[in-house]
Amino acid sequence: MIPEWMKNEDTYVPPGGGGTFAVRTIRAIGGAVGRLQFQQGHEKKYALPALVKLFILVAAILALSLSHHRLVMLAYTAVLLLYLCTWPPRDIGHILAGALAAAGLTLILVLPAMFLKPEGVSGNLNLVWKVFLSVVMVSIFNHTTQWNHITGALRRLHVPGIFIFTLDITLKYVVLLGRFIRDVLTAYIHRAVGRNDKKYQSVGGVMGLTFLRGTEMSREMYEAMRCRGFTDDYKGL
Amino acid sequence: MHIPENYLSPLTCGIMTAAMVPVWTHAVKKIQVELPKDKLPLIGVGAAFSFLAMMFNVPLVGGTTGHAVGGTLIALLFGPNAACIAVSVALLLQAVIFGDGGILAFGANCFNMAFVLPYFGYFVYTQIVKRFGGDKKDGVRYAAAAIGSYLGLSLAALCTAIEFGIQPMLFKDSLGNALYCPYDLSISIPAMMIPHLVVAGFVEAAFTVAVFAFVKKTSPDLIFENIEAGTGMKGKSHVPVFALVAALIAATPLGLLATGTAWGEWGADEIAEVVTGGKALGYTPSGLANGWALEPIMPDYALEGMNEVVAYILSAIIGAALLVIIFKLLSMALKGKKVSYDS
């Protein structure tokens, strides 16, 4: 015997907006995690070793900062643009957008100085130009070198192990925790129906869960390291 | 042929820019239809050819200089609409970064070199090929390219001369001195046309035919007729074309050999001493002396205290690379906007 209420047609339409914030957050996190995980860019097979590239990068930035002649800056611009124009459009866009943002920020910072001392304007503009060139060079390096090759190169330069360890672990755990947040939010979307008036509570819950999971993971990793003979010093890393 | 700042009245500049707006809109719309998406970034290479051609100054009769534009060449490679956009962007770079041609006069410069020149040059080319059955004979095509580019450049020079020449008729101060360009049609037309008909037109024709023949041999998939007909699209390597651009860049300092300023491109400090018909002008038009001017980043492709040749080559590299980058980014923007799954 079917009860009466089951026979009625249900016309309930839940008001929208229940899980949109979660969807948006997931999209943002997914993008960031994706960028870290499958590092964008194109390291070529015949690329220079990361150590050599890092050395050239530091030397080039030093030389650029020390030079006062515009011819040097012009030559840098010519070489960098010439190299960039062989790249795929999307990568050029990424690099130029970052460099232009940095140059714009520098321009805003030196703007008061330019108004107060008009005779120093050309020097200030040189500074903006140099920032642009330096950021382009760093972005090119970043774009054409895998992350683990960069840390390897830093290690060869005798950067203390603890720095590299922290960098590496941070990047790995950003990816792991990002995936965790994505899973929690997916679960939330599947359960959310109708309008949620307590969004902030839900967000707080997600963040709290993530924090708990993070501490748990760090404890687990520490224990795993102890089991493999870690003696609380990073010298041998 | 670059009209500098303040030689045309702001009114003329406004009208010319307004006239260019529908042309640009039409060209952008047409490009998306008639060119395959993978060819869009290559328009930048065409723009680079034009940019480099304009850096080769040749001495002309009467102590002035002139240069090729290459508009017809780009029209032959990518179609007249692409040529319009390519030359416009090259002119914009020259105006803003290198101070060649005024920023207010940008619309007028585009009208002459990016609209009149490529469309007319390409029209002449297609008419000749149609009349004389150039479908089978390459010789007819080359001749048509030469005649088309020669006539295109000449017509563009005529337009420039008319724009200069009507200024003193329309804009005068109370003393009867011209406010902007001081020479009327009877002076400006012969001054512009004779050098361009006698020398610059032939330079343009030679440049066009040489590059056109080279591209036709090495990368036939970059010729507009082949793109339209869908033949010769084997996706050959474009290395020879880029090598040609590199060779042109290396040769740009030859453009420095021609000293003297092109007719109609004097600075405000030079114009009072310019001698025409046996007498110097004797005054500086007030619109020129007090006009609006923006300090370009690298005036005349050089920086102070710098080796001229090195600066010239670096300018050529930066200009060419920037044009390729700009068109790659533009093509990405166009691709992102219109994705059609119908065809």
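Two residues are said to be in contact when their C-beta atoms, placed from the backbone, lie within 7 Å. The model is predicted; local features need pLDDT of at least 70 and side-chain atom pairs pLDDT 80 or more, whereas totals for chains, interfaces and linings use all residues. Residues are numbered from 1 along each chain as its sequence is written, and chains are lettered from A, and ligands numbered from 1, in the order in which they are written.

**View 1. Surroundings of A48(B) in the largest nonpolar core.** Beyond its neighbours within four places in sequence, A48(B) contacts V245(B), A320(B), L323(B) and V324(B). The core holds 120 residues, and A48(B), L52(B), I74(B), A86(B), V87(B), A320(B) and L323(B) touch the most other members. A nonpolar core is a set of buried Ala, Val, Leu, Ile, Met, Phe, Trp, Tyr and Cys residues joined through C-beta atoms within 7 Å; buried denotes 20 or more other C-beta atoms within 10 Å of the residue's own, exposed 12 or fewer, and partly exposed the range in between.

**View 2. A separate core.** Another core, apart from the largest one, has 5 residues, including A22(A), I26(A), I181(A) and L185(A).

**View 3. The contact of chains A and B.** Chain B contributes 16 residues and chain A 14 residues.

**View 4. The loop at L157(A).** L157(A) lies in the loop between α7 (147–156) and α8 (161–191) of chain A; helices are DSSP runs (H or I, at least four residues), numbered from the N terminus. L157(A) counts as exposed because it has 10 C-beta neighbours inside 10 Å. Between L157(A) and L51(A), 106 residues apart in sequence, the C-alpha to C-alpha distance is 8.1 Å.

Conventions. Helix = DSSP H or I, 4+ residues; strand = E, 2+ residues; numbered from the N terminus.
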